Amino acid sequence: MTAETDTQTTTVYRVTGMTCGHCEGAVTSEIAALPGVTSVKAVAASGEVTVVSAAPLADEDVRAAVDEAGYELAGRA
């Protein structure tokens with residue numbers, strides 16, 4: 001799911017393998033480092049990661065960040 005406003009884009013991704021707060025933190029840190037990202041909220045229980053950014057992010061950039069954290073991007077929610 002992607003929602004765009006005049007200034008920001010919110011996208012919800014599905015990430016597999018997250019089981020705890022440490023997992024959420026690792027995924028959040030890697031995605032937050034991407035250019036233009038203003039907010040990241042990862043929820044291990046649902047496997048959803050909500051990302052707010054200045055412009056839409058390239059899926060391959062998000063996938064690389066999630067891979068770097070040690071998890072797998074399953075797609076958009």
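**Core, fold and charge in a predicted model**

Trainee: Which residues touch the most other members of the largest nonpolar core?

Mentor: In this predicted model, V15, M18, V27, I31, V49, V62 and Y71 do so, within a core of 20 residues. Two or more residues each are given by β2 (9-16), α1 (21-32), β3 (37-43), β4 (48-53) and α2 (59-69). The largest share, 4 residues, comes from α2.

Trainee: What makes this set a nonpolar core?

Mentor: Its members are buried residues of types such as Val, Ile, Met and Tyr, joined through side-chain atoms within 4.5 Å, and therefore the set meets the criterion.

Trainee: With which residues is V62 in contact, leaving aside its neighbours within four places in sequence?

Mentor: They are Y13, I31, L34, L57 and L73. Each counts because heavy atoms lie within 4.5 Å.

Trainee: What pattern does the protein follow along the sequence?

Mentor: The order is β-β-α-β-β-α-β, with 2 helices and 5 strands in the protein.

Trainee: How many of the charged side chains are positive and how many negative?

Mentor: There are 4 positive and 11 negative side chains, and the centres of the two sets lie 6 Å apart. His is absent from this tally because only Lys and Arg count as positive.

Conventions. Residues numbered from 1 in each chain as written. Predicted model: local features only at pLDDT ≥ 70, side-chain atom pairs only at ≥ 80, totals over all residues. Heavy atoms only, no water. Buried < 20%, exposed > 50% of the residue type's maximum accessible area, 1.4 Å probe, protein only. Charge placed at Lys NZ, Arg CZ, Asp CG, Glu CD.
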